[in-house]
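My notes follow in the order I took them.

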Amino acid sequence: MDAVKKYSARLFTLEVIGIIVALLFLVPFYFVVVNSLKTFPELAANAAKLPKSLYLDSYTKVWTIMNFPKAFFNSLFITVVSNLGLVVISSMAAYRMVRKPSKFNNLVFLAFVAAMVIPFQSIMIPLVRVASNVGLMDSKLGLVACYFGFGVSLNTFLYHGFVKSIPQEIEESATVDGCSPYGVFWRIVFPLLKPMTMTVIILNSLWIWNDYLLPSLVLNSPGLRTIPLATFSFFGQYTKQWDLALAGLTLSVLPIVIFFLMLQKHIVEGITAGSVKG
């Protein structure tokens, strides 16, 4: 009984600490959402107080000023296409490196791992010059190509560990039955990579959707702005109108928060499976 009480007290203490830490992280979200539902005089009077009534006119104005549907479509297109390309390229590259080990493949994998530690800020100026020379500037597909280059290293590293967990006997059986090498990968191996694929998609989506620096370098036309770019432009024009600014910020964050809450369990499943089996 003493052991149970001691454990329960310790668990209760940890839960209290966890709740306090969670509240500290949620405080900024509280101020953003609550103040986006106030008029500007009410916001200026007391930012911490709950609104007396829900004021939604700020969202209506922001929807038009930011051209939110266009910015949302741009972000959605870039995120989806980048994810599809990264999943295909990274999974196939990792499978080849694991199943066909050689000095060259080991060197390529080492280069991928080394590229993960290079900060983006150190190569962004050369990137702009190269992108300009090959015609990738001011283009959504050009931005997608840049995401391929920056995202493939981490994705390949994650897939590399997970592919090792797949028994080769399954692939050999499929080959004996007459399956082609591409058929073995897409029909047998790739479905088994689902936990890691979901993890890769979630991590890439959080990164690409919220990214500001790379789109600001590649995209120049107002019609190509992603949500972070539209939000930054909005803050530049309406810095003192915090009721509008906070409404715009809430609209910007809401889609990716919903996406994360729907699929968050796959992050733990994928990373845990890859680390234990790989």
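This is a predicted model: local features need pLDDT of at least 70, side-chain atom pairs count only at pLDDT 80 or more; totals for chains, interfaces and linings use all residues.

**Helix α13.** I started at a bend. α13 has a kink of about 30° at L254, shortly before the proline P255. Next I checked the length of α13, which covers residues 242-263. At 1.5 Å a residue, its 22 residues should span 32 Å, and the end C-alpha atoms are 32 Å apart, so the two agree.

Which residues of α13 are buried? I listed D243, L244, A245, L246, A247, G248, T250, L251, S252, I256 and L263.

**Aromatic pairs.** I counted 13 aromatic pairs. I looked at F120 and F150 in detail. Their ring centres are 5.1 Å apart and their planes stand at 75°; over 60 counts as edge-to-face, so this pair is edge-to-face. The pair links distant parts of the chain, 30 residues apart. F120 lies in the loop between α5 (103-115) and α6 (124-133), while F150 is in helix α7 (residues 140-163).

F150 comes to 29%, so I noted F150 as partly exposed.

I then took F185 and F190. This aromatic pair is tilted, with 6.1 Å centre to centre and 50° between the planes. F185 is buried at 3% relative accessibility. F190 is partly exposed at 22%.

Elsewhere, ring pairs join W63, F68, F72 and W209 into a cluster.

**A charge over a ring.** I checked F77 too. The charged end of K140 sits over the ring of F77, 4.9 Å from the ring centre.

**Nonpolar core.** The largest nonpolar core has 17 residues. Which of them touch the most other members? I found Y95, Y159, V184, V189, L193, M196 and V200.

**Cysteines.** How many disulfides are there? The count is zero. C146 is buried, with a relative accessible area of 5%. C179 is at 18% relative accessibility; buried means under 20%, so C179 also counts as buried.

Methods: Residues are numbered from 1 along each chain as its sequence is written. Side-chain values use heavy atoms; hydrogens and water are left out. Helices (H or I, at least four residues) and strands (E, at least two) are DSSP runs, numbered from the N terminus. The expected span of a helix is 1.5 Å times one less than its number of residues. The bend at a residue is the angle between axes fitted to the seven residues ending there and the seven starting there. Buried means under 20% relative accessible area, exposed over 50%, partly exposed in between (1.4 Å probe, protein chains only). Rings of Phe, Tyr and Trp (its six-membered ring) pair if their centres lie within 6.5 Å; planes under 30 degrees apart count as stacked, over 60 as edge-to-face and the rest as tilted. A charge sits over a ring if NZ of Lys or CZ of Arg is within 6 Å of the ring centre and within 35 degrees of the ring normal. A nonpolar core is a set of buried Ala, Val, Leu, Ile, Met, Phe, Trp, Tyr and Cys residues joined through side-chain atoms within 4.5 Å. A disulfide is a pair of cysteine sulfur atoms within 2.5 Å.
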